[in-house]
Amino acid sequence: MMVIQSPRLRSFLRYAIPFALIPALVAVSALLFEGQRYLIISLGIAVLALVLFTAGVERRNIGSRRMVITAIMTALAVFGRFIPLFKPITAICVLTAIYLGAEAGFLCGSLSVLISNIYFGQGPWTPFQMLGFGLIGLIAGYLSRPLMRSKLLLSLYGALAGAGYSFIMDIWTVLWYAGRFDPALYGTSIVSALPFTLLYTVSNVIFLLLLRRPVGNKLRRIKLKYGV
């Protein structure tokens with residue numbers, strides 16, 4: 001796979017893409033509900049997520065191996081979205097980020113949404129979902145050491161990730177309903193979505209606790225075996 005040689009450029013892309021470029025695309029998608037322009041924006045986010053992944057790789061052989069493992073984790077996350085009610089997608093993205101890096105976590109989160117929505121339905125909500133799950137994975141990668149060591153912190157992160165994702169999607173709900181961002185309506189949306197947010201939060205914690213050891217041990221052995 002392609003490797004970006006310049007350390008400065010890699011460092012710039014690792015922060016500019018998830019915190020500036022992709023949010024800007026999502027903001028643009030909020031203004032372009034008509035037609036199917038959201039599909040172009042969703043694909044643009046996917047391309048940027050791949051560039052972000054590349055920016056986190058220093059050597060080509062390691063990057064190729066990490067990409068294969070990330071693809072497998074993404075496939076598992078896609079499959080997880082088909083489980084009714086309790087879904088392990090967040091847990092899989094978080095564990096991917098902890099053991100394979102923040103950029104891998106973002107890629108897993110964003111692509112799993114784009115791919116699974118081929119079945120669940122693409123729409124103007126897809127860019128918001130891609131950003132939400134991508135950031136969950138990215139931030140988990142930044143916090144990998146404490147999350148790896150403490151079940152309590154991992155559970156707390158899973159709960160906060162559930163609430164944070166719901167808050168992002170509530171922004172989409174308000175924009176879709178009102179055509180603009182209304183703080184009062186946003187507060188109402190958060191309150192009305194509390195049962196779903198709670199369910200999602202609880203499922204995150206449960207799956208993280210269940211998958212932490214088996215998936216974590218497997219990824220750790222793969223990293224040691226293949227030098228990822």
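**View 1. Val 94 and the residues packed around it.** In this predicted model, Val 94 touches Ile 136, Ala 140, Leu 154, Tyr 157 and Leu 208, leaving aside anything up to four places away in sequence. Val 94 is also among the residues with the most contacts inside the largest nonpolar core.

**View 2. The largest nonpolar core.** This core has 58 residues. Besides Val 94, the residues with the most contacts inside it are Ile 22, Phe 106, Phe 128, Phe 133, Ile 136 and Tyr 157. H4 gives the most, with 10 residues.

**View 3. A nonpolar patch on the surface.** Here you're looking at Tyr 15, Phe 19, Ile 139, Tyr 142 and Leu 143, which together have about 460 Å² of accessible area. H1 and H6 each supply at least two residues of the patch. Take Ile 139, which lies in helix H6: its relative accessibility is 33%, so it counts as partly exposed, with the cut-offs for that class at 20% and 50%.

**View 4. Helix H2 from end to end.** The buried residues of H2 are Tyr 38, Ile 41, Ser 42, Ile 45, Ala 46, Leu 48, Ala 49, Leu 52, Phe 53, Thr 54 and Ala 55. As a reminder for reading that list, an α-helix has 3.6 residues a turn, so residues three or four places apart point the same way.

Technical notes. Residues numbered from 1 in each chain as written. Predicted model: local features only at pLDDT ≥ 70, side-chain atom pairs only at ≥ 80, totals over all residues. Heavy atoms only, no water. Core = buried A, V, L, I, M, F, W, Y, C linked by side-chain atoms within 4.5 Å. Buried < 20%, exposed > 50% of the residue type's maximum accessible area, 1.4 Å probe, protein only. Helix = DSSP H or I, 4+ residues; strand = E, 2+ residues; numbered from the N terminus. Contact = heavy atoms within 4.5 Å. Patch = residues over 30% accessible without salt bridge, like charges linked within 9 Å, V, L, I, M, F, W, Y side chains within 5 Å. Areas by Shrake-Rupley, 256 points an atom, 1.4 Å probe, with all protein chains shown as cover. Salt bridge = Lys/Arg side-chain N within 4 Å of Asp/Glu carboxyl O.
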